[in-house]
Amino acid sequence: MLLEVAGLRKSFGSIVVADDLDLVVAPGEAVGIIGPNGAGKTTLFNLIAGGLMPTAGAIRFDGRDLLGVAPPARCRAGIGRTHQIPQPFEKLTVFENLLVGAVYGRQKSEREVAQSCGEILERLGLLRRANVLAGSLTLLERKRLEMARALATTPRLLLLDEIAGGLTEGECLELVATIRGIRQTGVAILWIEHVVHALLAVIDRLVVLNFGRKIAEGVPKEVMQRPDVHQIYIGIEA
Amino acid sequence: MTGWLDALIQGVLLGGLYALFAAGLSLMFGVMRLVNLAHGDLIVLAAFAILVVATKLGLDPFVAVLLAIPILFVIGFALQHVLLNRTLGRDLLPPLLVTFGLSIIIQNGLLQTFSADSQRLRSGAIETASIPLGGGIAVGVVPLLTLLSAIAVIVLLNFIFYRTPIGRAFRATSDDLEVAQLMGVDHRRIFAIAMGLAFAVIAIAALYLGLRANFDPTIGPARLLYAFEAVIIGGLGSFWGTLAGGIVLGLAQTIGARIDPEWQILAGHLAFLAVLVVRPRGLFPRAQD
């Protein structure tokens, strides 16, 4: 298994945001996560990427225990993440944003990574925006940059946090095509999304979280049919 | 007329010294949002370091500073890694308190070691050499070198910040610390390198401090004030702004002194206040901060 989360628990005082959570992602697999707001989805990503320390439980990546491993080292180990609200380095150009990830995330020299950064930009349709400041990008471009920058670190697992939110239908379709393309390069994907149809177009397996607990898991279409999931799903769409 | 022109030229040259004082401060604030209250004392400490290297090894201060730069880089790196990184966080107070404490420790440590006697870096004839510009105006070689060094330091810092991978990491961490870490950037190491770099700049500032005037362990805080004023006049986050801020301060002081010798220091502070009133974000603020 690429990612193994076992018995993960996180609480802030009496508020439990991850409750005895188990989750695995195989190499190259695409797993989706849905759940209402406050279900602990983003917290889970923060625990995996290292921004938060779990109260209990274990996270292993590629067989290596991540307890006590700082975020930069997790990035270098192959975990890339994007944020729900894109957080580009606004005062750096688009290309520089990627260079930071590529040089420090891969521990390579600028010369070695420049070409692959250009290719990633081309793949994500950002090449003609390469030399503008990231702060001047539109929302869709920011979302693309968020992914491009994560890809520049050559992750083996990509954590996507509500990347499709706030996009038009057409933009959403483009995004789905892009994410499929990323999958084809062998990168495993763990994707939190409220836009369920976009999610279902990509993933192999669906996990449903509610109040920090996993309440369902399995083949996406079947999971969506379950009455308890259906109820939450209605809640999300409303 | 000549007197005023002379005051202007000397003011610009003095501004070079203040820009050197301020460049290190500007760098620390720009990368790690660290307000270093020990900055002036660190410059004095570096001046003593150059003095010791120069006298023990019988070297000219210009050579001694070349030895002092790598030593101070290492000291700065270690200081940030071991001490100052622990103070940085959402709360602005801990770094202020710790650097304030450092300031007191450095001053008293220097007093204990070197006594309160005034010291000076000696470099022979160059100290008093000057280049006549005609019309009764001459510029001192050391003041001229000060300004040229300040410009060189600013050019080099800009090059590092905007043209190298480490510079991009400086800008990325200052832009968004948490995301930079997710990109594989170890901010503690980046900050330590930035501090090492700031200490190298401090060494150069200390060279000219010691060549141009007497120094003793207690003059640090006043240099800190000039450095702060230069940084804020210029606008936070811009190295060229810091140079401009230093020159504004130097000009104000020499013009003030030209009107009345007692007005030198006051005129500098008044210029600072005037800039704050007219342009609260400084002359050349970074687009968004």
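Predicted model: local features only at pLDDT ≥ 70, side-chain atom pairs only at ≥ 80, totals over all residues.

For labels, residues are numbered from 1 along each chain as its sequence is written, and chains are lettered from A and ligands numbered from 1 in the order in which they are written.

Let's start with chain B. It has 11 helices and 2 strands, and along the sequence they run α-α-α-α-β-β-α-α-α-α-α-α-α. Its radius of gyration is 19 Å, close to the 19 Å that the globule rule gives for 289 residues, so chain B is as compact as a globular protein of that length. That radius is taken over C-alpha atoms, and the rule is 2.2 Å times the number of residues to the power 0.38. Along the principal axes, the C-alpha atoms of chain B fill a box of roughly 60 × 50 × 35 Å.

How much of chain B is buried? Buried residues come to 49% of its 289. Here, buried takes 20 or more other C-beta atoms within 10 Å of a residue's own, exposed is 12 or fewer, and partly exposed is in between, with C-beta atoms placed from the backbone. As for contacts, two residues qualify if their C-beta atoms, again placed from the backbone, lie within 7 Å. In chain B, 74% of the contacts between residues at least 6 apart in sequence join residues at least 24 apart.

Now the core. A nonpolar core is a set of buried Ala, Val, Leu, Ile, Met, Phe, Trp, Tyr and Cys residues joined through C-beta atoms within 7 Å. The largest one has 167 residues, and those touching the most other members include A46(B), L72(B) and I202(B). Helix α8 of chain B, residues 187-212, gives the largest share, 20 residues. The core also draws at least three residues from each of domain 1 and domain 2 of chain A. Looking at A46(B), and skipping neighbours within four places in sequence, its contacts are A68(B), L72(B), I202(B), A203(B) and A206(B).

On to where the chains meet. Chain A puts in 22 residues and chain B 15. On the chain A side, α2 (71-77) and α3 (94-106) each supply at least two residues, and α3(A) has the largest share, with 7.

Chain A itself is assigned domain 1 (3-78 + 155-237) and domain 2 (88-154), with bounds from an automatic or database domain assignment. Their C-alpha centres lie 24 Å apart. Between them, 11 residues of domain 1 contact 12 of domain 2. On the domain 1 side, α2 and α6 (169-184) of chain A give two or more residues each, with α6(A) giving the largest share, 4.

Last stop, helix α4 of chain A. Its 14 residues, 110-123, reach 20 Å from first C-alpha to last, close to the 20 Å expected at 1.5 Å a residue; the expected span is 1.5 Å times one less than the number of residues. Which residues of α4(A) are buried? V113(A), C117(A), I120(A) and L121(A). An α-helix has 3.6 residues a turn, so residues three or four places apart point the same way. The buried residues of α4(A) pack against α3 and α5 (139-152) of chain A. After α4(A) comes G125(A), with a positive phi near 70°.
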